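I opened the model to look up a few local details. My notes follow, entry by entry.

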Amino acid sequence: MREQLKNKQIMLAPLAGVSDVGFRLICEKYGADKTFTEMVSCNALYYDNKKTDDLLFISEREKNCNVQVFGRKLDVIEKVIKDKIEVMDNISEISFNMGCPVAKITKNGEGCQLMAEPKRVEEICKILRKSSKKKLNIKFRLGIDENNKNYLEIGKIAQDCGIDYVILHARTKEQFYSGKASWEDIKKLKENLSIPVIANGDIFSVEDFINIMEETLADGVMLARGAMGNPFLFREIKEYIKNGNYKKPSPEELIDQIIEQYELELLYKDEKLVITQMRKHVSAYLKGLENSSKIRDKINKLKNIDEVMDVLNNYKSMLKG
């Protein structure tokens with residue numbers, strides 16, 4: 001089985017508020033074959049929203065980062081792809097989101113809500129292919145709800161329009177992130193398409209990776225929540241594929257990684273913003289460690305980076321002892 005896994009792609013999902021440049025660099029360091037920017041609005045890019053332009057920032061240190069966008073207006077999508085994305089020399093790929101279940105996205109008929117309109121999906125796929133020479137993927141879910149699972153139809157539309165590969169998050173829009181991902185449906189999609197299919201949903205360990213590959217025969221995986229607080233998962237999967245075993249990080253290595261992420265984030269953002277945004281990452285990294293709740297609560301109250309580093313270094317010393 002390990003021999004069959006050698007050419008499988010292992011990607012980091014575009015996670016809102018998580019997969020910024022600092023976290024992407026860390027995941028890339030541990031073996032992520034591809035990373036993606038946080039989801040970027042075509043509408044906002046069309047109207048030159050400065051905050052959205054910031055989301056498109058990719059560091060020169062990054063080797064494998066690409067862009068994910070979302071939208072529904074055909075003229076807007078076409079102009080943004082041609083004028084803003086296609087001209088980016090530092091990316092080789094564009095991902096289009098048809099899987100986001102968040103209400104502020106779906107209420108505008110964007111994200112996963114597009115799956116209710118196969119005709120619009122087809123129009124978007126054609127516009128994407130017409131507007132770009134870069135590799136294209138579409139990320140979508142099983143459907144709007146259990147009674148309207150049309151992922152096979154959407155996958156075939158993408159394939160017929162010249163999309164290079166698809167990513168299936170094996171939950172419905174209605175499920176959001178609850179319940180169990182239906183790997184069986186990923187297998188069905190793989191059986192029905194000739195283009196590559198990337199599996200997404202409930203991959204939190206090397207064992208999950210092995211199981212989803214065996215069950216679905218997909219062409220790779222996209223790690224999402226499973227990578228948050230555990231970018232080491234990319235390394236563990238790569239070690240398993242190469243050697244048949246893998247090593248979990250030590251508690252001290254976890255703390256060192258938190259410190260490195262703070263340092264990377266500070267290269268690109270101001271201190272106050274980094275301290276605020278890192279709180280969710282710290283919580284995820286520390287989960288399950290001795291006295292972690294106390295350390296997390298202490299860090300959440302700090303407003304100075306030197307104080308944060310003191311707490312982390314002292315905690316590291318305590319864990320060693």
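**Strand pairing.** Two strands count as paired if DSSP finds at least two bridges between them. From β8 the chain crosses through helix α10 (residues 206–216) to β9, and this β-α-β crossover is right-handed. Right-handed means that, with the strands pointing away from the viewer, the path from the first strand over the helix to the second runs clockwise. Helices (H or I, at least four residues) and strands (E, at least two) are DSSP runs, numbered from the N terminus.

I then checked β1 (residues 9–12), which runs parallel to β9 and is joined to it by 4 bridges. The partner of L12 in β9 is L223. In β9 (residues 220–223), G220 and M222 point one way, V221 and L223 the other, and all are buried. Buried means under 20% relative accessible area, exposed over 50%, partly exposed in between (1.4 Å probe, protein chains only).

**Ground rules.** This is a predicted model: local features need pLDDT of at least 70, side-chain atom pairs count only at pLDDT 80 or more, and totals for chains, interfaces and linings use all residues. Residues are numbered from 1 along each chain as its sequence is written, and side-chain values use heavy atoms, with hydrogens and water left out.

**Q257.** I found Q257 in helix α12. Is Q257 buried or exposed? Q257 counts as buried because its relative accessibility is 2%. Its side chain makes a polar contact with the side chain of E260 at 3.0 Å. A polar contact is a pair of N or O atoms within 3.5 Å; within protein, one must be able to donate a hydrogen and the other to accept it, and residues adjacent in sequence count only if both atoms are side-chain atoms. Leaving aside neighbours within four places in sequence, Q257 is in contact (heavy atoms within 4.5 Å) with I26, K29, Y30, P231, F232 and Y285.

**Helix α15.** I looked up which residues of α15 are buried: I305, V308, M309, V311, L312, Y315, K316 and L319. They cover an arc of only 160 degrees around the axis, so they sit on the same side of α15. The arc is that of the directions from the helix axis to the C-beta atoms. On the other side, D306 and N314 are exposed. The buried residues pack against α12 (251–268), α13 (271–286) and α14 (292–300). At the start of α15, a side-chain oxygen of N304 reaches to within 2.8 Å of the backbone nitrogen of D306.
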